[in-house]
Amino acid sequence: MITRQRLNAHARSVPNPIAAARALTGPSDPDRIEDPVIAWMQRGRTVLGLVAVTWLTLAYPLREGRQDFVLGKLEELLIGCAVVVVASVIGVGLCIILARAPLGRVYTRRLVGPLLALAAPVLGVGVIWLATAALKGDLISPSDVGPHDITFGLFGSFLGTIFTGLLIMLLFVVAALVCVVALVAAVLFTLAALVVGLNSCFRAGDVHEVLPALLSPLLVWSLFGFQLFDGPDVAAPPEVLYTFMLGGPLSVSALSLWEIRRLRTRYGVTLGSLLGR
């Protein structure tokens, strides 16, 4: 029993890329109002969206291959992140400029969380590039090292060179395994950072609780416009496609209005308080 508890404790102490991504991109400001009902509704919205996408792709044939579909969804995810980042920068910048003193300085101090949330996926992409380049041998390869004798002729030049070569190959194998582990962890970290960052609007709520509710509809309606121009992913009837495409933006907009109303009625947080009016 004690051994199992120790193993569980050691397992929990192992760095978890998904937990690290959630810690960096999820809301964590201790001064922020945390409403469990709003948090539950946001998670439910995300789960329902994933279920709807899964059902649609299983119920109807894909217009393109599975690889193109996955790449398209990753592209939409990146576009959504770009929309949220631009909107957040503009929104937070306007809040800092237009808010009455001393709110502008308060909002500026609260930018640490959003900046960390923005830096997290960039860090993940950087690690992915570095690990991939190392595995391809673009950084260094065994041929770059050349023959050496680290024994300084202790076992003879021939045997010393062979021993050194085997040792170098062993180090490259170990380094490759480390790079593979780092690559998998970086991919999980980056995907989790993008998904959690989108759900939290890259911690815009750390600046003010109303900002995520204002930015979320902009994200989904921007993706709706992108899908209209890009075409459907599945060969489904028009009524199913447009119901699916409009369901997300309309539900997110309704949920955002409900969040703003709940913040106002239960906590006194209003749109006017955003600018100190």
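**Exercise 1. How many helices and how many strands does the secondary structure of the chain hold?**

Solution. Start with the model: it is predicted. Next, count the elements. The chain has eleven helices and zero strands. The order is α-α-α-α-α-α-α-α-α-α-α.

**Exercise 2. Find how α9 and α10 are oriented to each other**.

Solution. Take the angle and the distance. The two helices pack at about 170°, and their axes lie 8 Å apart. Now apply the cut-off. Angles over 145 degrees count as roughly antiparallel. Therefore α9 and α10 are roughly antiparallel to each other.

Next, look at the contacts. On the α9 side, the residues include A213, V220, W221, F224 and L228. They belong to a set that meets α10 residues, among them Y242, M245, L246, L250 and I260.

**Exercise 3. Which residues make the nonpolar surface patch of about 660 Å²?**

Solution. List the members: W221, L228, F229, Y242, L246 and L250. Then assign elements. Two or more residues come from α9 (211–230), and two or more from α10 (238–267).

**Exercise 4. Classify Y242: is this residue buried, partly exposed or exposed?**

Solution. Y242 sits in helix α10. Then take its relative accessibility, 46%. Buried means under 20%, exposed means over 50%, and partly exposed is in between. So Y242 counts as partly exposed.

**Exercise 5. Describe the chain as a whole: what share of its residues is buried?**

Solution. The chain has 277 residues, and 31% of them are buried. Finally, check the contacts. Of those between residues at least 6 apart in sequence, 81% join residues at least 24 apart.

Key. Residues are numbered from 1 along each chain as its sequence is written. This is a predicted model: local features need pLDDT of at least 70, side-chain atom pairs count only at pLDDT 80 or more; totals for chains, interfaces and linings use all residues. Side-chain values use heavy atoms; hydrogens and water are left out. Patches are made of residues with over 30% relative accessible area and no salt bridge: like charges are joined within 9 Å, nonpolar side chains (Val, Leu, Ile, Met, Phe, Trp, Tyr) within 5 Å. Accessible areas come from the Shrake-Rupley method with a 1.4 Å probe; for residues, only the protein chains shown count as cover. A salt bridge is a side-chain nitrogen of Lys or Arg within 4 Å of a carboxyl oxygen of Asp or Glu. Helices (H or I, at least four residues) and strands (E, at least two) are DSSP runs, numbered from the N terminus. Buried means under 20% relative accessible area, exposed over 50%, partly exposed in between (1.4 Å probe, protein chains only). Axes are lines fitted to C-alpha atoms, for helices over the stretch in contact, and angles run from 0 to 180 degrees between N-to-C directions. Angles under 35 degrees count as roughly parallel, over 145 as roughly antiparallel, 65 to 115 as roughly perpendicular and the rest as oblique. Contact means heavy atoms within 4.5 Å.
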